[in-house]
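Here is a short note to read alongside the model. Keep the structure open and look up each residue as it comes up.

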Amino acid sequence: MGQKLKITSWVAIGVLAGALTTVSLQTVARGAMSPLPLEEIQQLSAVFGLIKTDYVEPVDDKKLITDAISGMVSSLDPHSQYFDKKSFAEFREGTTGRFVGLGIEITQEDGLIKIVSPIEGSPAFRAGLKTNDLITKIEDTPVKTLTLSEAVKRMRGQPNTQVTLTILRKNESRTFPVTITREEIKTQSVKGKIMEPGYGWIRVSQFQDRTVEDFVQKAQELYKQDPKMKGMVLDLRNDPGGLLDGAVAIASAFLPADTTIVSTNGQLAESKATYKAAPEFYARQGDPLRGLPAGLKTVPLVVLVNEGSASASEIVAGALQDNKRAIVMGSQTFGKGSVQTVRPLGPDTGIKLTTARYYTPSGKSIQAKGIVPDVLIDETAEGNLFAALRMREADLAKHLSSGQGAEVEDKAREEAREEARKRLEEESKKPLAERRVPEFGADKDFPLQQALNQLRGKPVLVSKTQTERKEEAKAN
């Protein structure tokens, strides 16, 4: 079961892409509203009264009202959501890239929690935890009894509180306890390195508050290491999105001034907008792109995407593709072409509401379709083994249509999913070492190697099986 979980977490990366959305944090004045439907309001009041008087046990008034609000908002589409106090705080953590915890990137393996890497300078790093260490207990609770999300919640907490982990270090054949003091952690959403002389790689894993500043710093580091850059790979694979202004800024880093990046359209006047490569469209104070290496505007560029690239990452890929600034390579993206706006309802609650669709510079809606790469590349030399199983926007119940043409059924995709399910069952029987997917940025990262071949002018192993997927039928 543990082996299957490892693979399933890999193939289901699209679920995360659906959870994180391109958001615009703002409050706008309410315009004129049509009269309220009095009959339906009376029915709502009647149901509330019946539950209060007839339900088998007493129900709290506040719970009934908040559940009604939550149901009303969530029925609209997969990305609109009501935030209670707890979920609002968690959402803010996700967009700021800050949380209180230990500072470790983790995954689940054979029922245990495996440390992918400790964040440099974090409490876990200072405590000596290492990559591939296994956590067997959190306090006195065996992790085999916990889901990954439950384990994360137990390791997070209030600043300056302690938690004791039991660590299994296989290469030393020993188990030992470590007590760590929690503190605020700042996650890094940008990585990068020189792959070989003249060729750089920058990966953006999510668009958070500090992503633009971290991107500028990483670009400066790479150009300092190699001023004669001949090619760059911008890696947006499995980037589930984040803040809209961050996406506009990253696209602006590579484009000429005042180039159109994305446009949005919705009911409100504020939702009808065009964002360009200029500080007024992405800067909160000053210009965070000031100090970028000048070569970034002209260096040959490849953008890597896959089914897990969603929302803000699709904005960047679409802008660079339509403006012919980069060659987009990989797999067709997730297809989340809508913008969510957070409306506070009070100091600790709010709603995240879909307020617009977004369009690439050429006017194409990405909603329920995605960005189609210029060059389709498989995730491994053997092909896109499990891509058909990954959740995409078009697979989500109540997903918004593109608004551009009719949706179609894709019978071939269902056949591909069935074949992938059978392959997954066979794959789960193999030893773990044979199933592990190479880390992004590693020497054996197949799509990255093809991107580098494209920049070098060498032959690229193009996918022989992938074709453009049309917008799929909308679920009722």
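1. A nonpolar core is a set of buried Ala, Val, Leu, Ile, Met, Phe, Trp, Tyr and Cys residues joined through side-chain atoms within 4.5 Å. Keep in mind that this model is predicted.

2. The largest nonpolar core has 48 residues. Phe 215, Leu 234, Leu 296 and Val 303 have the most contacts inside it. Several elements give two or more residues to this core, including helix 8 (211–225), strand 13 (231–235), strand 16 (301–305) and helix 10 (312–322). Which helix gives the largest share? Helix 9 does, with eight residues.

3. Now turn to a helix pair. Helix 3 (residues 38–54) packs with helix 4 (residues 61–74) at an angle of about 140°. Their axes are 11 Å apart. Angles over 145 degrees count as roughly antiparallel, and 65 to 115 as roughly perpendicular. Helix 3 and helix 4 are therefore oblique to each other. Their crossing is right-handed.

4. What do the two helices bring to the contact? Helix 3 brings Phe 48, Ile 51 and Lys 52. These meet Asp 61, Leu 64 and Ile 65 in helix 4. By class, the contact of helix 3 with helix 4 has four nonpolar residues, two charged residues and no polar ones.

Terms used
Residues are numbered from 1 along each chain as its sequence is written. This is a predicted model: local features need pLDDT of at least 70, side-chain atom pairs count only at pLDDT 80 or more; totals for chains, interfaces and linings use all residues. Side-chain values use heavy atoms; hydrogens and water are left out. Buried means under 20% relative accessible area, exposed over 50%, partly exposed in between (1.4 Å probe, protein chains only). Helices (H or I, at least four residues) and strands (E, at least two) are DSSP runs, numbered from the N terminus. Axes are lines fitted to C-alpha atoms, for helices over the stretch in contact, and angles run from 0 to 180 degrees between N-to-C directions. Angles under 35 degrees count as roughly parallel, over 145 as roughly antiparallel, 65 to 115 as roughly perpendicular and the rest as oblique. A crossing is left-handed if the near helix is turned anticlockwise from the far one by less than a right angle, and right-handed if clockwise. Contact means heavy atoms within 4.5 Å. Ala, Val, Leu, Ile, Met, Phe, Trp, Tyr, Cys and Pro count as nonpolar, Asp, Glu, Lys and Arg as charged, and the others, Gly among them, as polar.
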